[in-house]
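Welcome! Let's get to know this structure through a few questions and answers.

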Amino acid sequence: MKKVTRIAAISIAGIALVYLGLCGYVWYLDTQRNQNSSVLRSSVKQNNQVLGLLREKGCDYCHTPSAELPFYASFPIAKQLMEYDIRLGYSSFNLEPVRIALIKDEPLAQSDLNKIEWVMQHKTMPPTRYVALHWAGQIDPQERETILAWIAQQRARYYASEDTAEQHRNEPVQPIPKSLPVDGQKVALGFRLYHDPRLSGDNTISCAHCHSLNTGGVDGRKTSIGVGGAVGPINAPTVFNSVFNSEQFWDGREPTLQAQAGGPPLNPIEMASKSWEEIINKLDKDPVLTRDFAAVYPRGLSGDSITDAIAEFEKTLITPDAPFDKWLRGDEKAMTLQQQHGYQLFKDNKCATCHAGIILGGRSFEPLGLKRDFNFGEVTPVDIGRMNVTNEVRDRLRQKVPGLRNVALTAPYFHRGDVATLDQAVKLMLRYQVGHELLQQDVDDIVAFLNSLTGVYTPYRQNKE
């Protein structure tokens, strides 16, 4: 009888513990739900505040294509001034994606956040002439602080990585992650295909021909050389860290790494294969490759499976642990004082308004010649850039902002490849994009900062767990 009583007591105690555990779990879920709801309410409140300020201060007038203008916009002098402001404002910054993201409570593009932050910090918006015509457009200090606090909240919520040091979590740039999740078998196949010249029409050129892993992921040429000595029209961008681009190619015509990998093999002045069938017929004669491929892709070789494997390999081409990454993670001595000053100048001179995020670029499209017309000479089809994809007049001469990771290794620069040094590139950007010059020492400091962006590539096979 005592044994039965003891068992019953233990059972009751067990049930009680389970019940208490369930109650605790329900309490935890409720707490989390309440916390999430609180965060959401706070975020929506901040979004609505910022939306209200953008509307009240007339930002929409100049920075969105379809804003309803005030009645006096048709008056002779006001009309001329407002048309100028609208043309300049819209070409510099389209506010429409910002408004949509705020309404939907979605993350804003980091370059958009950085642009808004810069003009708030430097009090350049609204312009003095605009405020003279629109007295209510002036932004007071409290309103600026509201917008800056919202930017910090956006970065903390969507962009700051867990390993970023607390004091750097509101920076416009984040460290490169140490690794990304990949399929190891696909990576191994992609590595082989990336270096396989059989993807080209005459079996002489592989992906690595223009994107060498030993030379910063580029070929070091002004523009690349294809099959038969054909000269390409544009500078080869680095393949390193390309996984962090929002779109691929200078004009962003492809949305993914896989789609990009399918372009060069069939391009007549690059790898010049006539079709995927031609490529597959050659690869099918390799029994080891076809066996290994079938083990990963049951349907075997195809354009889709080949490009999928190459893209999976390219996901491993990341270069973490640059001095700048270590500084972002809290090692204050990882960068020299000159490099740290160069980074501050980089931000002060609006460079980070476009060169933002993990790779300091790769996420937006900007025109070359924002403040004054760039000396293109004869404008070529590749100079037209993003407009070739969107057919939007606003996108004429816009190219994808190149990422600056490992930029010290990837000369020559710009989409034409006609800028030989970082010193020259910085000076041209200051002149044409920002609209002013800096002392040589300041340029040297910015170049020193750019040198701190050279990271470490570890081949996947050596980094495999």
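Q: Over the ring of which residue does the charged end of Arg253 sit?

A: This is a predicted model, where local features need pLDDT of at least 70, side-chain atom pairs count only at pLDDT 80 or more, and totals for chains, interfaces and linings use all residues. Residues are numbered from 1 along each chain as its sequence is written, and side-chain values use heavy atoms, leaving out hydrogens and water. A charge sits over a ring if NZ of Lys or CZ of Arg is within 6 Å of the ring centre and within 35 degrees of the ring normal. For Arg253 the charged end is 3.7 Å from the centre of the ring of Phe249.

Q: Why is the pair of Phe374 and Phe414 called tilted?

A: Rings of Phe, Tyr and Trp (its six-membered ring) pair if their centres lie within 6.5 Å; planes under 30 degrees apart are stacked, over 60 edge-to-face and the rest tilted. The centres of Phe374 and Phe414 are 6.4 Å apart, and the pair is tilted because the planes are at 55°.

Q: Which residues touch the most other members of the largest nonpolar core?

A: A nonpolar core is a set of buried (under 20% relative accessible area, 1.4 Å probe, protein chains only) Ala, Val, Leu, Ile, Met, Phe, Trp, Tyr and Cys residues joined through side-chain atoms within 4.5 Å. The largest one has 33 residues, and those touching the most other members are Phe324, Tyr343, Phe346, Phe414, Phe449 and Leu450.

Q: Which residues do ring pairs link into a cluster?

A: The structure holds 14 aromatic pairs. Some of these ring pairs form a cluster of Phe324, Trp327, Tyr343, Phe346 and Phe449.

Key
Buried means under 20% relative accessible area, exposed over 50%, partly exposed in between (1.4 Å probe, protein chains only).
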